[in-house]
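Here's a quick tour of the charged pairs and the packing in this one. Have the viewer open as you read.

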Amino acid sequence: MREGERSPAPERPQGEGVRRGRVPRVRLRSILMCATAVLSVAGAGTAWVGVRGTTARDHLLRASALVQQLRQQLEDVNPSSPRTLAALQRETRAARAEVDDPAWRIAVRAPGVGDELTAVRTVAAAMDDLAHDGLPPLVETAGVVGVGLLVPEGGRIDLAPLQHAAPQVAAADVAMRRARDRVAAIDQDGLIAPVRTAVADLVADLDRAADTVEVAARSAALLPPMLGVDGARTYLMLFQNSAEVRATGGMPGVYVVIRADHGRLTIADQGTAAADIRTFKRPVLDLSATDRALYSDRLGTYPADVNLTPNFATAAELAREMYRRRSGRTVDGVLATDPVALSYLLGAIGPVPVPGGTALTARNAVPVLLSENYAEDISAEKQDQYFAAAAEAVFQAVVQRSLDPAKVLAALARAAGERRLLVWSSRPAENELLDGTVLTGVMPLTDGARPTVGVFLNDGSGAKLGYYLTQKAELSVVAGCRGDGRRELKLRVTLGSKAPRSGLPPYVLGLGLAGDPYTIRTMVSVYSSTGGAIADMRLNGAEQHFSTGLDRRRSVGIVNVDLPPGASRTLDVTLLTGVPADGDGDVVTPDLWTTPGVNKWARSVRSADGCPQSR
């Protein structure tokens, strides 16, 4: 969005009403089916044990059908759900009793079948504990809190149900993780293949269920205080202009300050980074030596450059301090989003009229905000007025319209999954709850068994040509094992330009720092996994000199890529992981973080078998 003063590159659909009561789709039926498979294929040491195992399997089969029924009742807030839960608990308790009698406990010591029978007993106990400890809180809160309550009605979110639900959902979270950990602790190496597969499937289903309930528990704990249940909160929301790319998405341009007071949401202030925050002579906060070396002092002096770093927590603290110095107000947190995320939201809330300009829809939001508005021969002041009016119009539509909460939350989840919705709180305890989620915009401090590589882009043209940038990334683990346990990774990044050769207005062409004003210059920062290294970079096959640094235990390599109109360039990078800890698993599956762009990345990630010395 328009922000007036340009920052030079650094020197280095409206819903039809509210549906309530929806709960997370916990995969409990799959979990019980996997548990039943364990019982079905486990060997029996004696005929008596075999009969008991068969009976336990039948109980879990009936429990599986009851879980399907219970899930539908929870989604529909059906008052029969407590009775269904009670029937489910009787079945899991009966299954547990069948595999916990004296004969079974003796049989687990028998050679050849003991491991399988122990696994069966563990699974039955874990499922019974889950039915008695994990599901009751979800049943109790289903009629009290659902996604419908997370969308404003009349400008306000009712926080009381969330507060009531928080302890129960937290208890469900603990029970779900306990069941997951208990089954995951089963030693699968000694099991026969069918039982090993069934246990592995059960662990995977429990992982997914635990993740879902954990998100619900964190949300119930976070949202009431962040939405002002204990007193008003204010948040600086930055709208990132993806046409001038920055590591977290785009250059901060327009901003609004949102006030949340006991769930009521209002706009307290708005402006632009260039006209209202402006630049500073010296960094507003002390910068780390790493940030200075990699991204220069501009990180702390230009509001348009606070997110040259991919670490959103750093960018948020700098933006908060800059706003405080100019406005005299200290906000409680910083949010960031972009026009692509806005287009997802418009798909849920419907078209939004904008006073004095083009109405915004899911289809036109990105081109209008990032291209068409710049092409019109209007003053910078009028551009600012349109963007400010657009931001307020969309905000008012969200808080005042009667919306389909499932569609709204799906749009927000999509934006968050693409890292187009970032959140930072000034309160450490709230950031701890956010830690590890896609909302933080902070790469993990340790990778564990999943080496995480980052590819982050910053505009080097001083222009709005990022609208025409295309991106592709391929990351793979090289087969074969090094003696020190480290693995070699291959990263291929292909950037392309769809920019025209002529006809763009001066505002889009900007400073033309690449020489030719139609050439897109992009600074590509590659982050290794924690403890890892960057061995070399090659641009279109030629060995490339690159700037290096170390950022939060990750090696960083930065190289400039120039793209004339219609051109593409391929950057090949060889990386080494850190030395893995023991027990990292049989498969190495890397993770890839990228800067959200106007055009979606084409991405592929390929795994490889683990190494014996890393297990």
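Aspartate 181 comes out as partly exposed, with 44% relative accessibility. Its salt-bridge partner is arginine 180, with 2.7 Å between the closest N and O atoms. Arginine 180 itself is buried, at 16% relative accessible area. Keep in mind that this is a predicted model.

Aspartate 173 is buried at 8% relative accessibility, while arginine 177 is partly exposed at 31%.

## A longer-range link

Arginine 182 and aspartate 129 also pair up through their side chains, at 2.7 Å from N to O. That one ties together distant parts of the chain: arginine 182 belongs to helix H6 (residues 160–184) and aspartate 129 to helix H5 (residues 114–142), 53 residues apart. In total, the model has 30 salt bridges.

## Cores and buried pieces

The largest nonpolar core has 94 residues, and Ile349, Leu360, Leu491 and Val524 touch the most other members. Helix H14 (residues 380–400) supplies its largest share, 11 residues. A second, separate core counts 37 residues, including Ala63 and Val203.

Helix H13 (residues 365–375) is largely enclosed by the rest of the structure, because 9 of its 11 residues are buried. Over in strand S9 (residues 520–530) you'll find serine 528, which is buried at 0% relative accessibility. Beyond its sequence neighbours within four places, serine 528 contacts residues including Thr452, Arg554 and Leu575.

How values were computed:
Residues numbered from 1 in each chain as written. Predicted model: local features only at pLDDT ≥ 70, side-chain atom pairs only at ≥ 80, totals over all residues. Heavy atoms only, no water. Helix = DSSP H or I, 4+ residues; strand = E, 2+ residues; numbered from the N terminus. Buried < 20%, exposed > 50% of the residue type's maximum accessible area, 1.4 Å probe, protein only. Contact = heavy atoms within 4.5 Å. Core = buried A, V, L, I, M, F, W, Y, C linked by side-chain atoms within 4.5 Å. Salt bridge = Lys/Arg side-chain N within 4 Å of Asp/Glu carboxyl O.
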